[in-house]
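Please read the sequence and the model below together with this report.

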Amino acid sequence: MKSSATDCLLKLYDEQHGLEDYQSGVPRWCTGCGDNAILAAVQRLCRDEGLRPEKTVFVSGIGCSSRFPHYMKTYGFHGIHGRALPVAEGIKMVRPDLTVFVNTGDGDCCSIGAAHWIHAIRYNMNLTVFLHDNQIYGLTKKQASPTSPIGTKSNTTPRGSYLDALNPLTITLGVANASFVAQAVDWIPESLFDIVKAAYHHQGLSFVRILQRCPEWLPKSLDPWMQDPDRIQLLHHENALHLSPGLAKVYKNHLVHDPMDMNRAREISGHEDIIPVGILYQNREIPRYEETRQTGVLRTTETVRKGFEAELDKYSV
Amino acid sequence: MTAKNPMKKSGKSATLTLKEHIVEIISDSGEGAQRCGQSLGSIAARMGNGIWTTEIIPAEIRPPARSVAGASGNRIRIGSSYITNGGDQTDLVVAFNEQVLLGRVRDRELKPGCIIILESMWRKHPDLNISTAYSETYDRLVAAGYNVRETPMEQECQLLNADPKRGKNMFALGMLCYIYSFDLQMAREQIALTFGKKAQSVIDANVKLLEAGHKWAVANLDFSFSIPATPTQQPQIVTNGNTALALGVMASGMELCSMYPITPATSASHYLSDVFEKVGGIVHQAEDEIAACAFAIGASYASKCTITITSGPGYSLKQEAIGLAVMAEIPLVVVNVQRGGPSTGQPTKIEQGDLMCAIFGSHGDAPKVVMAPATIEDCFYSIITARKIAEAFNMVVVVLSDASLSSSQQPFNRPQFNESWLAPPIDQSPVPEGARPYDWDATTGLARRFIPGQPGGMHTVTGLAHDRDSHVAYDPDINQESLRARSLKLAALQKTLTAPEVHGEAKGDLLLIGWGSTKGAIDEAVDALRAEGEKVSAINLRFLQPMQPGIKEIMQRFKKVMTIEINWSDNPDEEIIDEANRRYSSLAILLRSRYLVDVDCWSEVRGQPVKPSTIRRIALAKLKK
């Protein structure tokens with residue numbers, strides 16, 4: 001949708017923003033919650049990229065992670081459970097000039113909002129989507145989520161959850177128009193930041209699943225991966241992320257993976273004992289819905305009047 | 001038994017002058033009766049006649065041929081002057097087979113003695129079942145007093161067209177142009193317009209059929225009518241309600257319509273999908289009703305007010321999202337083209353069953369504006385008004401149309417485009433130091449909203465209870481204050497409204513109150529009753545929430561007040577129904593509770609527009625009680 005000429009009063013800012021220019025309030029997440037790490041990475045991204053706070057919107061649904069926009073000194077939209085993606089799509093559709101991020105949890109995205117998740121991938125709008133996956137419902141106090149490992153004891157599954165967890169990565173990679181799929185973990189800040197940054201720079205819907213700890217309800221769930229660095233497989237490629245010497249030293253399990261290789265991406269993303277961290281898939285060629293739907297019509301009063309009169313002519317008697 | 005041949009023309013017959021006539025064309029679906037009816041309506045409107053067309057729609061996509069339930073077609077009420085509703089019973093029917101007539105007879109849609117022009121090919125059909133069914137039905141119709149004229153439409157069309165199934169409708173149109181003394185040249189022009197996108201050969205073939213039908217009627221029919229037109233001076237357009245809605249979206253300055261397919265709302269979006277892009281607008285078909293609403297809310301939040309168009313079940317699905325828009329004070333226009341409910345109900349039929357959920361829908365106190373267009377012209381203007389209210393008050397505005405308005409056609413004054421209809425550009429100026437995103441005015445509850453892109457206005461809107469800074473708040477005073485502010489906005493809007501206009505005298509014995517599409521039929525019944533000396537008047541409520549001022553004063557000037565609605569109400573004559581358990585119709589409940597006036601109600605849910613004669617009968621009974 002083209003804005004009319006008067007809509008586009010641009011003022012060019014060259015001011016520098018510090019981290020504090022993106023910080024708002026004191027996060028009310030638990031100590032050790034992975035959301036804190038994601039917030040730190042995203043605030044750093046905003047500062048490093050010089051994002052203008054008034055041109056940046058964080059959209060979320062409901063859940064612990066969906067409090068995220070309240071802690072950003074940007075525009076924010078803390079909506080209703082499961083619907084962060086369609087809200088963000090609506091914003092992007094009419095305001096391609098805004099930078100739009102989505103923060104959604106495993107319940108929000110993979111359960112109540114699952115329909116929107118599938119279709120958001122297909123629309124491939126230029127949104128950066130963070131799936132804060134802590135494998136449990138936190139805000140409502142410990143119920144099994146679709147990503148809870150089978151056997152998870154929770155308030156609704158006191159004898160252990162009954163179903164295998166769904167894998168958000170394989171699902172996303174199975175949908176038409178997937179254009180950027182990555183996985184990060186909250187406890188490796190350097191890699192988290194690199195992935196968040198790559199996601200931001202991708203033109204299209206970037207889907208980042210971030211495995212994050214829930215110290216309150218599932219404190220030990222990710223311990224096997226935290227305590228054994230060899231169970232983290234860092235993906236790298238000349239066309240994707242590069243490993244720093246420091247990171248490569250601590251995490252020795254590396255895999256060269258070309259993010260253009262969809263078949264390999266699907267295979268790797270299904271691994272559970274050793275989890276991949278990095279960019280699984282990226283395709284820059286997939287059209288973005290908001291651009292496909294551009295009408296190319298400069299909307300002025302005169303255009304509307306002419307179009308409208310032409311329609312009335314059709315119905316004149 | 002052999003049929004009498006009533007078609008022999010004996011000498012020149014006089015043309016009977018009428019004030020109005022109701023004509024139906026019905027066929028199996030796919031035989032073009034709809035197009036024939038719409039064309040006839042347009043020709044009549046070109047002649048300067050008042051019209052109201054009503055679609056006769058089979059419930060199934062492909063009903064079997066020659067089935068009672070499969071009747072598809074159009075019903076056109078043609079009048080000397082302005083016509084406001086579909087009227088009562090039908091005076092003349094063209095039927096392509098006898099089976100499609102049976103449902104119309106059963107539903108008492110045909111006037112006693114109604115002229116039936118019936119395709120006669122079935123009489124000699126090789127399938128004995130068909131020919132027997134035909135002659136038995138024919139005999140029954142004749143015995144019942146209908147004026148049945150067997151007509152060899154198929155046979156005549158075969159002389160011109162190898163496939164008479166295609167084009168029989170235009171032959172029928174030619175006959176009808178003769179019957180109603182319409183100008184054949186206007187009919188030719190209408191065909192050229194209808195088939196405008198097709199090849200010239202298609203137009204020519206159809207014009208030939210039209211002329212053949214006309215010629216045949218001249219030679220064989222011993223009756224014809226004339227309904228003298230009283231043309232208006234203003235240029236007219238003819239559309240159905242959904243097209244009018246879509247034109248309203250185009251003219252309102254909205255730039256995005258987000259929807260999900262649902263009957264009977266979707267045709268508005270079909271039309272908008274075709275034309276909106278020409279003026280830089282977009283129709284987004286979302287993955288579901290909830291997404292359609294959330295997408296619209298996101299777009300409204302970041303830019304100009306947007307619209308989502310749906311029908312009953314979709315409206316139910318959108319409730320939580322509508323509540324969010326109310327809570328966050330994001331402007332939004334929601335159109336609900338009502339159909340029969342509850343649940344999937346009667347998707348193609350008219351009902352006014354969604355009033356309560358429009359006003360009270362969504363959990364908690366979620367004040368929103370509810371409007372109801374009463375005419376096709378209203379469908380157009382109500383969208384422009386709705387957009388303006390939504391943006392001026394940062395509210396959700398629900399527009400309740402219905403299945404009757406959606407598909408009925410009526411001429412109305414061609415709208416004169418007005419620049420002020422359009423939405424102004426969005427505010428991207430810096431927000432003044434210290435300004436707050438929800439700085440509710442102490443008297444009106446209004447607050448200026450900040451739009452992303454405005455420097456200094458950064459805040460997070462939330463569906464959680466929030467204070468003037470949009471910070472999540474659990475403070476009892478803040479919750480009390482914010483609900484007050486959102487509620488006050490309705491009162492502020494109400495102060496700008498004017499009293500409804502009384503149709504008839506300002507005082508009397510009985511006041512009929514309606515809302516939405518029943519206006520035409522109610523007013524017509526009132527006119528008939530007043531002509532008989534009864535002191536009956538009517539009002540139609542365009543605003544259901546907030547209600548216009550002066551309603552109580554109007555009601556108090558009448559001895560009795562009752563609503564006429566197309567939604568459920570218990571019949572007080574039922575054995576176990578009494579005042580302690582009687583469920584009134586929706587508007588009656590609202591009026592009784594708000595104004596403490598003893599408002600009675602009459603309603604029915606037959607899926608049909610309520611007829612003027614029915615209202616007349618109900619009003620007379622109420623007067624006598």
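The report takes the chain interface, then the domains, then the backbone.

This is a predicted model, in which local features need pLDDT of at least 70 and side-chain atom pairs count only at pLDDT 80 or more, while totals for chains, interfaces and linings use all residues. Residues are numbered from 1 along each chain as its sequence is written, and chains are lettered from A and ligands numbered from 1 in the order in which they are written.

**Interface.** The contact between the chains takes 58 residues from chain B and 50 residues from chain A; two residues are in contact if their C-beta atoms, placed from the backbone, lie within 7 Å. On the side of chain B, the elements that each supply at least two residues include α1 (33-46), α8 (241-251) and α12 (319-328). Helices (H or I, at least four residues) and strands (E, at least two) are DSSP runs, numbered from the N terminus. The largest share, 10 residues, comes from α10(B). By class, this side of chain B has 34 nonpolar, 15 polar and 9 charged residues, where Ala, Val, Leu, Ile, Met, Phe, Trp, Tyr, Cys and Pro count as nonpolar, Asp, Glu, Lys and Arg as charged, and the others, Gly among them, as polar. Strand β2 (residues 75-78) of chain A pairs with β17(B) in the parallel sense over 3 bridges; strands pair if DSSP finds at least two bridges between them. Within β17(B), V461(B) is the bridge partner of F77(A).

**Domains.** Chain B is divided into domain 1 (15-226), domain 2 (238-421), domain 3 (428-496) and domain 4 (508-624), with bounds from an automatic or database domain assignment. The centres of domain 1 and domain 4 of chain B, taken over C-alpha atoms, are separated by 36 Å. In chain B, 5 residues of domain 1 are in contact with 9 residues of domain 4. The domain 1 side of that contact has no nonpolar, 4 polar and 1 charged residues.

**Backbone.** Most residues other than glycine have a negative phi, and most peptide bonds are trans. The table lists the exceptions treated here.

| Site | Feature | Value |
|---|---|---|
| T263(B) and P264(B) | cis peptide bond | omega about 0 degrees |
| Q545(B) and P546(B) | cis peptide bond | omega about -10 degrees |
| R66(B) | positive phi | near 50 degrees |
| S470(B) | positive phi | about 65 degrees |

P264(B) is found in the loop between β10 (256-259) and α9 (266-275) of chain B. R66(B) is partly exposed, with 17 other C-beta atoms within 10 Å, whereas S470(B) is buried, with 22. A residue is buried at 20 or more other C-beta atoms within 10 Å of its own, exposed at 12 or fewer, and partly exposed in between, with C-beta atoms placed from the backbone.
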